[in-house]
Amino acid sequence: MSITIFVPCDSSAVSLGADRVAKAILAEANKRSIAVQLVRNGSRGMYWLEPLVEIATDQGRIAYGPVQTGDVASLFDADFTNGGDHRLSLGLTEEIDYLKKQQRLTFARIGITNPVSLEDYLAHDGYRGLNNALAMSATDIVKHVTDSGLRGRGGAAFPTGIKWNTVLNTPSEQKYIICNADEGDSGTFSDRMVMEDDPFVLIEGMTIAGIAVGATQGYIYLRVEYPHAHQALDCAIGKAIAAGYLGDNILGSGKSFHLEVRLGAGAYVCGEETSLMESLEGKRGLVRYKPPIPAIKGLFGQPTVVNNVISLASVPIILDKGGDYYRDFGMGRSRGTLPIQLAGNIKHAGLVELAFGLTLRELLYDFGGGSATGRTIKAVQVGGPLGAYIPESQFDTPLDYEAFAANWTVLGHGGVVVFDDTVDMAAMARYSMEFCAIESCGKCTPCRIGSTRGMELMDEIIDGRDLGKNVPLLRSLCDTLLNGSLCALGGMTPYPVLSALNHFPEDFGINGQTDIA
Amino acid sequence: MTDSSTILSTVQAISTGLKDKPGALLPILHGVQDALGYIPSDSIPVIAKALNLSRAEVHGVVSFYHYFRETAPGKQIIHLCRAESCQAMGSKQLEDHVKAKLGIDYHETTADGEFSLEPVYCLGNCACSPALLIGSDIYGRVSPELFDELIANKEVAA
């Protein structure tokens, strides 16, 4: 019997040498005349252990990692194909604490299956949600999503069911489903993982959305920085079409849904839904005024659902197990699970999917194991480049949309970027203004001009010039950005800037409690 | 260097093939950049004509998006991540090293035409920061030493 060996094809694993390791394993097996079957699975999301090589055994998969090409011969010497002991042995994968403590709903298959194998997808509960949806009325599908309590995982946390209901009840010949796959926030990679490591779940979620609201065309607006995701999606879409899961008359139901991937072109602002639609229409990604909201007048002027990758990828399990099942995870008004991404200066960087409610401290230390450098964690930025910097005194905040909002912080897309005590928060505040200046679409004045003035002001402050005048001016400028910008890019750039200033005034040259701060 | 008649026929073929897609301009621009490495100014009138747009509208779109380039790149483009997660793991030092090693700043190409350097704001490789792309190959936890090794290998390969 041949032995099955798993080496991830996830781009982060590849960035650490997974392709070379896979090649070396095949070469070594060949040299030793051992019959092996190599499967390129997704990543388990434990990136400090990547490339993580797994062997299928009767007890379950046994893991070794992080494996480099130089380790391959010694792994064979240690009889790892039969689960032999080696210095890189990690035991049964499922028993690794980091993974064992998680509640994987959206990520249930990720790291287990071959991402582009429809057979694997079906064997691991794939397309059960769609099968259920095809037997339901549109209203009932939307009701399940509403009952689940799912809120937009892109960051805005708007209830998905309400959005769908609006599109369902807006009559039109043509409606659209758009998946916002422009995951541009630093520190986030859960969308990337879903698209690379389980593309069918996104396709299934979008198909269910299309059937629910009566949309026959879907677009995945994918950032160009994700070529691996592009390949996986195109491959999976081709297989779904061939097997009758996409196209006209899906599974003989008489319902149609067509899906196409469209590439962005490196504009962060195109993650904003109206800018994204302008881009899809072939224009500059200028943000639109709202109202009208996209659910009523969206892509090409038609009713459009715009949802994030994780929101859509959470739909299949909701339709499979029911809205109540999903709603029973979580706390307060934050229902279900959140795939959290631990990134930056953290020892155990990776993907942690859990019900809402865990505290940042538990996440950073119990899962993350503290900073990668071993130094004190000074601040974490949660929610991408427009998220606030959070100091140690707020690490006991539970991961919950409302609890975060109460601290003037945002949970956003669940990205957590960790900084140790060598970080200069004034430099980070300057970077936030610079980023806004580079990425501003230019439509509204506060964002277009305010960000450049903000950068200049930060240069003055960093040089220690006239703090008594410049710090209040920075606050006033942030007030203008916050209240006067058209979208979240200008409107939220003050979050990182002011949180850095408020929590770390010493980095701005402000010592002690003075009138300036 | 591709001559101008080849450029024009390539752009014409791509534009004709894609012009009937809804919102065809970005797919066409991607097609042109994939084929030629950049979007030559000569191609703008061809694309504009195919889509019944003004040249200004097409140029406006090309210039809006950071990814589209109007000049030919070096043989390989290095995309270096400047975002927060990579900064938390020393990307600023890596950036200084890369610029010094190549002798160029962002948006420039080395004198031998080998490498172009572009900033990128997140490659989604934040669990393995700092990250960069060389061509289409992604690398994580890149130290200055690893960078030197990588480009030495790329130069041999090229």
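**Exercise 1.** Work out how many residues of chain A are in contact with chain B, and which elements they come from.

*Solution.* Start with the count: 45 residues of chain A are in contact with 35 residues of chain B (contact means C-beta atoms, placed from the backbone, within 7 Å). Next, the elements: helix 1 (11-15), strand 8 (258-263), helix 12 (273-280), strand 12 (337-344) and strand 16 (415-420) of chain A each supply at least two residues to that side. Helices here are DSSP runs of H or I with at least four residues, strands are E runs of at least two, and both are numbered from the N terminus. Helix 1 of chain A gives the most, with four residues.

A quick word on the model: it's predicted, so local features need pLDDT of at least 70 and side-chain atom pairs pLDDT 80 or more, while totals for chains, interfaces and linings use all residues. Residues are numbered from 1 along each chain as its sequence is written, with chains lettered from A and ligands numbered from 1 in the order in which they are written.

**Exercise 2.** Describe the open sheet of five strands in chain A.

*Solution.* First, the order is 13-12-16-14-15, with mixed pairing (two strands pair if DSSP finds at least two bridges between them). Then find the edges: strand 13 (350-355) and strand 15 (389-391) of chain A each pair on one side only. Finally, zoom in on one pair: strand 14 (residues 377-382) and strand 16 of chain A run antiparallel, joined by five bridges. There, A:Gln381 stands opposite A:Val417 of strand 16.

Conventions
Two residues are in contact if their C-beta atoms, placed from the backbone, lie within 7 Å.
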